[in-house]
Amino acid sequence: AVDVAERLAKEKQDLHYEFFEKTTSEQFDTDGNSRELEEVLAKVYPLVGALHRETLQKNGQPLSPQELKKERSRREQIRRRRERGEKEKEDYRMGFNRELVERYQTRLIDEKLVGERPTYTVYFEPKGDALPIRRRMDYALNKSYGRIFVDKETFQIARVEFELMEPVNLWWGLLGKLYTMKGVIERGPLVDGVWVGRGFEFSMK
């Protein structure tokens, strides 16, 4: 599954497609009460060799003239940075690759249907406490466990379920503390056999 994911990443198959992405984020206070809920609709398309997410709506409403101007300015800044070959700003989206998988102990625990396709169910948990910290998200990744569902026919990742094992400090507590985090990522094939994301649920506080 790792070999398949890394090969497809090198081939950049996702740069042949444009799609719309809807995300819902919810913020909680320290007592676990919902403080803010935001739904964002974005258009995702290739921009200078990588995917770009352009916000179209927030909470079902088009962007205001000021927000639209800011979004266009952001797109132009990203385009210029990519043309100059500058390093991208930190992205909190997880890529399934060898560097990620090597953080965890894995074992085959079951076989299940995901979207009517048979999959292998693989449980994962951190190998230990001395795991690499290369970006802020690693503090949470290094304390997460869950299940990966691998499509039997293609060895593509069909579903990932993950959850934080215990609260973690961000940058030794200077950036706050993450108490809970869990999420589900779902993927599936298009008519031409290319696999794309179909859903992403994520919550943290």
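This is a predicted model: local features need pLDDT of at least 70, side-chain atom pairs count only at pLDDT 80 or more; totals for chains, interfaces and linings use all residues.
Student: Where is Glu116 found?
Tutor: Glu116 sits in the loop between β5 (104-114) and β6 (117-126). Residues are numbered from 1 along each chain as its sequence is written, and side-chain values use heavy atoms, with hydrogens and water left out.

Student: Why is Glu116 called exposed?
Tutor: Its relative accessibility is 76%. Exposed means over 50% relative accessible area, buried under 20%, and partly exposed in between (1.4 Å probe, protein chains only). With 76%, Glu116 therefore counts as exposed.

Student: What makes Phe155 partly exposed?
Tutor: Same test: the relative accessible area of Phe155 is 40%, so it falls in the in-between class. Phe155 lies in the loop between β7 and β8.

Student: What is the phi of Glu116, and what is that of Phe155?
Tutor: Glu116 has a phi near 65°, and Phe155 has one near 60°. Both values are positive, in residues other than glycine. Most residues other than glycine have a negative phi.

Student: How do you judge the span of α2?
Tutor: Take 1.5 Å times one less than the number of residues; that's the expected span. Helix α2 (residues 65-83) has 19 residues, and 27 Å is expected. From first C-alpha to last it reaches 27 Å, close to that expectation.

Student: Which residues of α2 are buried, and how do you know that they share a side?
Tutor: They are Glu71, Ile78, Arg81 and Arg82. They cover an arc of only 95° around the axis, so they sit on the same side of α2. The arc is taken from the directions from the helix axis to the C-beta atoms. On the other side of α2, Pro65, Gln66, Lys69, Arg72 and Glu83 are exposed.

Student: What makes a group of residues a nonpolar core?
Tutor: The members must be buried Ala, Val, Leu, Ile, Met, Phe, Trp, Tyr or Cys, joined through side-chain atoms within 4.5 Å. The largest such core here has 16 residues, and Ile148, Leu164, Leu178 and Met181 have the most contacts inside it. Elements that give two or more residues to this core are β6, α4 (138-141), β7 and β8. With four residues, β8 provides the largest share.
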